[in-house]
Amino acid sequence: MNRSLRWRIVLTVCVALLAIAYVLPTFPSLVTDGLKRILPERQISLGLDLKGGMHLTLGVDVKKAVANSMAQTGRNLRDEAREQKIAVFRPEVTPEGMLTFALLKKDQQKQLEDLLAASFRQVQIVNRADEGNDRMVYSLALKPEDQTNLEKLTIEQAVKTIRNRIDQFGVSEPDIRRQQDNRIQVQLPGLDDPERAIQIIGKTAHLEFMLVDDTADVSKAVQGVLPPGDALYFLHKKLADGTISKQPMVLKSEVVLTGEYITDARTQFDSYGQPYVSLNFSDRGAKIFERITAENVKKRLAIVLDGAIYSAPVIQEKIGGGRASISGQFTTDEAHDLALVLRAGSLPAPVEILEERTIGPSLGQESIDKGVLSALIGGALILVFMIVYYGFAGIIADIALIFNILLIMAGLAGFGATLTLPGIAGIILTIGMAVDANVLIFERIREELRKGFSPRAAVDEGYSRATLTILDANVTTIIAAVVLYQFGTGPIRGFAVTLTLGILASMFTALFVSRILFDYWLKKRPANAALSI
Amino acid sequence: MGLRIIPPDTNINFIGVRKYAYAFSIILILVGLISLVVKGGPRLGIDFAGGTIIQIEFDKGLDIDRVKSALNDVPLSGLTIQRFGQDDENTVLLRTSTEEANPEQIRAMVSEALASNMADTPFTVQRLEMVGPKVGADLRGKALEALFYAVLLIAIYISGRFEQRWMTSAIMAGGLAGTIYVLQLMSLPTTYLIVAAMLITLALCWYLKLNYALGAVVALTHDVIVTVGIFSLLNKEFDLTIIAALLTIVGYSLNDTIIVFDRIRENLRGKSGKSSLSRLVNKSINETLSRTILTSGTTLMVVFCLFLFGGGVIHDFAFALLVGIFVGTYSSIYVASPILLGFGPTLPDSEPEDRERAAV
């Protein structure tokens, strides 16, 4: 008994020291430089609801990515078919993401299908219909495995792009991760301009250069009558009062150059001090740009960003050197942000904000203060109550309770868990419930004492009888906490973690630590001394 | 010896008044359910219903009517404005159910309207939360699932632990999973699925004579329904933190119930015959009564502190816990044990010696 008691004390002291080592870094004012070298570095990390910041759930429109890919396949197919003199007419993408086109000469069916099998392995023919007039209408879809692959790549690419943009925007410790169902979770702690962050994250930044069809009748186009191969777009112009006017413009729908060839984008100022964005193209992009500008002198080239025309300057001469610029009535911030998103790359598909939670830093601090205040008052009440109610044994319970809270904090720091506002509530709840194990034991000891047992026998009996009850009772709460962790997000998980830690800690302190204190006390007394409980 | 709230020889006749307790519980549940039906279901917060909330703090004295008139012209559908937190906080909470505008537009519109119409009162946007309809529906489904799985796992654990019938509880889990699978094929909405699952769980407990689990599950279902009913009566909103509170209540209520059950089982050992079962159950409740009162008391004490000082964001959460702890304590005395008595606790004759081992 004596030896085991000594070992138990050593173990407890070790646990206590370890716990203190993990908790200390969270309170930098208590740590001296000398201590810093031996202590673990981890602090208790605060959730966004306490630190302030922004939580976003973005949905990636993978359908759009599939449609884009099919449209590209359509263009390639048309080009290759043309080279092989196969008459393919108007490849189009349906809303379901299928590529349809007409084969104008039925007897070329075999040639076409050979071409598809040879060069377009990612698609399969879902339907071919004889339309009469020597025409066959084909419907193509991505093969399932290619579709899954494309969707996966799209999300990965989106995560990468967003991470790029946020890194350049300058948020410390951002957390960007992929979730199920084509979702991306973005957490930006300590952010002070959420609107701008969303602007930067959410912009697809799909940049296209298209030629303006000056021969088309704009007024007819607005009514929906478009020449073949043309499309109606709008030039967005910011007016003096901040509203945006939309001027219709007819463009040739063929995209002559896209933003994928951009290597750099910077904000610059023109001679009037107006900001604009200058672009640098890669070698390949520079060549394409040079050819286009050479072929289209005196025509207008529209710069289309995410489906809206930013500007449509007239090409004065062939432009070599791989540079272009986007002007518009930008503010410096807008120009800066546009350059940032172009530099960081375009999103492979549009994203939609499915969920946003923004907490101001002052509210976070307020939550911490209030949480800590409630915990202190509640904890103090319990400490006093236990002593009043159980006397000496109450002091033991109080020591166990303080140890318990220390262990929860150490657990939070050690496992790198995040403390949230519900997490603080979890600690407070645990303070209330933590004494439960001790109450169970103490009540049992009292019962045994009433039966006439000696204090030592009563303590032994009380602990052994209460142990299983405590285990049973706590396992159910842990089950609830684990389920909570499984389904919960952010703050709720924080609650589940502190609840679980609290229960585990309370079992350890009640069954192990407070037992040591009892044993130590009993050892020092004569066997029949009264026990204050 | 320290203080004593419950004298050791207390013998309150809890079991004797069980019919009144049943009636009381049924009335509580009915009132809650009627309130739910009348109000067309629980009032869902934005976590589940989708929408946007904006919390705004004003620098000085807040006149809610001025805020309302300042925001009169903002074209947001279903905009409600209410005070938030304590009176000295000068904080309002705006809610919109609107899905037409994105949160940044809403933020801009509100900020602009307040800045121009209440130029003398500076303000800060402290919090903005927007949950889209898709995420809302997801969270709703997940929350119900969580409640259900918690109950199922706990039922299995209780049956296994108390009656050493792990196989039977495994059968129950299997039967339930199968039924749920079939029901899912019929593509019922999640709510009905969960209600069906709960009923099946109860029926299986009853059929397989898992009486401890039956008593516990009835008690915790009772607690959740009563708490939800009271929330509905008081027109309080359900959001994610309330689900967390409900799950905690489930855990707490069971904690309480199990301690009484444990004592019943302990007292059953050494007894033979069923002649004095009701007296035995009553004795067990009385023996654990002082622990029940004490723990509920300390827990209520801290949760009450949280309720008073924890601030607006945590207020409803603390309230749910307060209600839940009351109801959970009541139900372990007046619901769980009487039901166990009604269906007959299994005599632990074939029980292995875990208790003896623990007593060494």
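Contact here means heavy atoms within 4.5 Å. By this criterion, 68 residues of chain A and 74 residues of chain B take part in the contact between the two chains. The model is predicted: local features need pLDDT of at least 70, side-chain atom pairs count only at pLDDT 80 or more, and totals for chains, interfaces and linings use all residues. Residues are numbered from 1 along each chain as its sequence is written, chains are lettered from A in the order in which they are written, and side-chain values use heavy atoms, without hydrogens and water.

| Item | Value |
|---|---|
| Buried area (accessible area, 1.4 Å probe, lost on being put together, summed over both parts) | about 6400 Å² |
| Share of the buried area on carbon and sulfur atoms | 64% |
| Salt bridges (side-chain nitrogen of Lys or Arg within 4 Å of a carboxyl oxygen of Asp or Glu) | ten |

One salt bridge joins Arg107(B) to Glu195(A), with 3.9 Å between the closest N and O atoms. Among the elements of chain A that each supply at least two residues to the side touching chain B are helix 7 (194–202), strand 17 (351–359) and helix 13 (421–450). Helix 13 of chain A gives the largest share of that side, 18 residues. Helices (H or I, at least four residues) and strands (E, at least two) are DSSP runs, numbered from the N terminus.

Strand 17 of chain A also pairs with strand 4 (residues 123–131) of chain B, in the antiparallel sense and over five bridges; pairing requires at least two DSSP bridges between the strands. Within strand 4 of chain B, Met130(B) is the bridge partner of Glu356(A).

Definitions and conventions: Buried area = accessible area lost by both parts, 1.4 Å probe.
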